[in-house]
Structures are given as structure tokens and as C-alpha cells.
Amino acid sequence: MFVLPSWYRPAASLICILAPGLQAQDVDLAERLYQSGERAYATKSYKEAVDTWAQLVQSNPTSAFAPKALLKLAQHQVEIEGKPEGAFPFLDRLKTEYIKSPEAADALLLRGKLLLLQVNRAGDLKDPMAEFNRVLDLYPDAPACAEARFELGRAWKRQGQWGRALQLFLDAFRLRLDDHIAPQAMLEAAEVMDLMGDLPGCLRLMQDLRLQYPERPEAREAAWRMAVRVKHRIQRPPFKNEGPWPAGQVKWLKTPLLLYGTADGGLLIYQNSLDQAFRLRGKELIAAGPTASGARAMVPSRTGKLWLLTKNALVREGSSTPVAIGNLNAISGAALDTWGQLWISDAKTASLTLLAADGTSKSVASPPAQALAALTGGGMVIASDSDRKVLFLDQDGRPRHSVAYGQNLPAAFRYVTALCTDGAGQVAALVDGGDFGEGIVIFGPDGTVLRQGQFKTLGVNGRITSLALDHTGALILCDRRNDVLLRLN
């Protein structure tokens, strides 16, 4: 810092005369520093930009450009450095020292979104929701309000508060139709309508989304979600066996055992003879995740890594050491819930095991479950052969709906071999035994039987061990005996 020599002492009157000009220069310098940082950032000279903004905050903290620079520094930590925790010092200072600035609304919104990343249970939502509510209370006309409403809606949805969530989603897009968050809010609102039993309202809103925002990815997402709902719940056509899938691929796998349909419409295949899972892209198989002998379930984690579960242990991608799961010895299924907890079923244990992200675990009372899958609205669906029921559970493991084996079918079955779900609320079960024999049943989110088919009438001959619903409403079957996938449409 430049320091005047000790012998230079201008008169007090001269200082008073010069002070307004000096303050104007400070303001001009602060603006130039901010713009210099923006210029460097635009050319990806990130260190130069960060140093410039830091200099601005240090040298002129009372400038209107100081909170702008703090917000930019926080966003840099998240978007470029990939260190959300590094953004909090900047956001905290902005919140405490510049709460009256226009940038405070965006800072509170970002802070709430970063706090959401740390949420592992319903009680953890209190702090991020408080930040979103502050945006709405303190800055009711700020552009950030639309996204704050959207995030609050998602928080209430995760807690099963459909009515509160729906109103917030509706407000988020109705008040700011030109906002980037509007199509996301429309899609979420439509999904909540379906959860509340309003299928016509759900379909109408998704159609509006497609018409108003045809180029947005949410419109493409709405298209397939509409199509599968109409197909399964309204049209309900009989299944047809289209044979090996992908077309022409015969005897191309090594004892496929498990299938998993990913959120982006892809497919994971675990091949038992190779002790390895693979991603199917077109007709190409790409190895994915860890190796594990005799896997009973596979689950993509929230970070995108693949986990395999054997009869008594969890094997995570990136770790060669299996983790024993309590005293379980007959693991039959696994799935992540909306909080990132791993739910694990065991065919011989009268409870479900919930493994949290921090490694702690707890048990939820349940009949022994032969299969398990996650529900899109939160909670799980399990199949209990001992109780001869398919149970739809809420987020705490309490039954919301139950369907007796064979209910509303031409004949009863005895066993459920596998379960799967799609992103639109349908549940598919691979069943066997009894007069129904081997086949498939598709349920709606309320447990209503939507479609069914018996393999003997569909010409399916093999050992079917798993299944997945694709984005067209078709079923992909895993035939271990013939080393092939089959498609029912």
C-alpha cells in the first residue's frame, strides 16, 4: 500500500476540499476492478479474476461492487473449483455485511442450495428452507424468488407434503413464465399432481410444458413420461413379444443376471460369468463399477458410481473391500431413497436395513422381502412371499398400499422374483408359481393392476431373472439361460 511520507501534511481544509473527488475516484476504481475481473473471467483467466475481485473487496468494502464481487467469488468456488464448501465464507460475509444489497437475494438462494447438498434426512431441511424463505420475505420482487419457490417446493415434496409443494411449483412458473426455472417447476408440478391422484391434470400440464418450451430438456422428459402414463394407465394394450433386444443380438451375453434402468433411459446389465456390470450404449457394452461374484442387486449412487450387493455385503466402485451389512446373509434387493439412504432387503430377515451416507444404519420393521425397488414419490415397494403381498411403503417404511398376490388377475401367483420402477410411477413385477405361472404384472403408483402377461402365452422360454421398464413403456427381460435380452411391448 502506498504511504505518504511523514513530512507531507496537507492542511485540513485542503483535505476537505479534495475528499469528494477522492471518494469519486474510489467508486470509479471499484467499478473498473469489478469489470476487469469480469473481463478476465470471460477469457477463463480465473486466477486473475479472483485476485482482482478479492482486491476490490479488500480495498473498497463499502462500494456497491463489493457484494457483486463476493457473489462472483462464491459462484467461482462452486462452478469452476467444484468446492461448494469454499463458497460459504463469501456467502456468509455477504449475508451479514451486505444484506441490503441486491446481490443478497442471489447469495441466500445459493447458500440454501449448497446447504441442500448436505441434507441426509428430513430434519436437515430446516436450514436450507430458511434461506429460501428469507429470499421470499426480504426480496419479494427479486428474480431469485422464482427459484426459491421451486427449491421450497422440492423440499416439501421430499417430505411428502404434496399440497404445499404443488402450490409453490405453480407459483414458481406462473409468476415468472420467462424465468429459466419455469419449465422445471411445471414438470415437478405435474409429477405432484400425479402423486395426488390427478392424472388428467398431470397430463395437461406436461402437454402445456411441451408446447411452451419445446426446446428445453424438460419438454423431452415430459414427452416420455406422458407417453408411458398413457400407455400403461389409459390404453393398457396387451403385451407383445418382440424377441431378442437389441434386434439381432442373440447369444451375446455371459449369463446376464440383473438389469437396472437408469434415469437417462440407459440400461445396466450385470453378467454373472464375468462378475461385472456393463452399460449398454446402442449395441456396445462398457464395463461399469466394481467386480463382485454373485451380485444380488446393483445401485447407481448419487455421485454416479455403481454399487453391487452380494448375498451379505456391499461393494462400492473405487473400493476393493466389501462392506458387511450387519447380519444379513440373503440380500434380495437394494435401492436409494430421496435422502441418499440405501435400503436393503433380505429374504430371511423380518426388517429392512437403511444405510445412511455417513455409514450409520438402522432397521425398519418389515416382513421378509424377496425384492425391493424405489418409488418416484419417495419410499419403496417390496414383495413379501411370506405375506403374499406387494407393499407400497412411505419414506418411513410404513405401508401406504398393499396388493395381494393375484389381486385383479385371472389367477394367483406365489412368488415375486424381481421388481423395477420407472420415473413416471409405474412398478413392474416378475412373478412365478401358482395358476398364473411365470409372467409380469405392472402396477400403478396406488397399487392398481394396470397390465399383465403370462410368459407361456407370450412365447417366452428361458430363465428370466430380472426386468427393467424403458422410456417407451416396454419391458426388457433378462434371460440367463439363453444369454439374451427380450423386449415385451
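**Rings and burial**

Colleague: Why is Phe65 called buried?
Modeller: The relative accessible area of Phe65 is 16%, and buried means under 20% (exposed is over 50%, partly exposed in between; 1.4 Å probe, protein chains only), so Phe65 counts as buried. This is a predicted model, where local features need pLDDT of at least 70, side-chain atom pairs count only at pLDDT 80 or more, and totals for chains, interfaces and linings use all residues. Residues are numbered from 1 along each chain as its sequence is written, and side-chain values use heavy atoms, without hydrogens and water.

Colleague: What makes Trp53 buried?
Modeller: Its relative accessibility is 1%, under the 20% limit. Tyr34, at 10%, is buried too.

Colleague: How many aromatic pairs does the structure hold?
Modeller: There are 8. One of them joins Tyr34 and Phe65, with 5.7 Å between centres and 40° between planes. Rings of Phe, Tyr and Trp (its six-membered ring) pair if their centres lie within 6.5 Å; planes under 30 degrees apart are stacked, over 60 edge-to-face, the rest tilted. The Tyr34 and Phe65 pair is therefore tilted.

Colleague: Why does that pair tie together parts that are apart in sequence?
Modeller: Tyr34 lies in helix α1 (residues 12-42) and Phe65 in helix α3 (residues 65-79), so the parts joined are 31 residues apart. Helices (H or I, at least four residues) and strands (E, at least two) are DSSP runs, numbered from the N terminus.

Colleague: What makes Arg451 sit over the ring of Phe239?
Modeller: Its charged end is 3.9 Å from the ring centre; the criterion is NZ of Lys or CZ of Arg within 6 Å of the centre and within 35 degrees of the ring normal.
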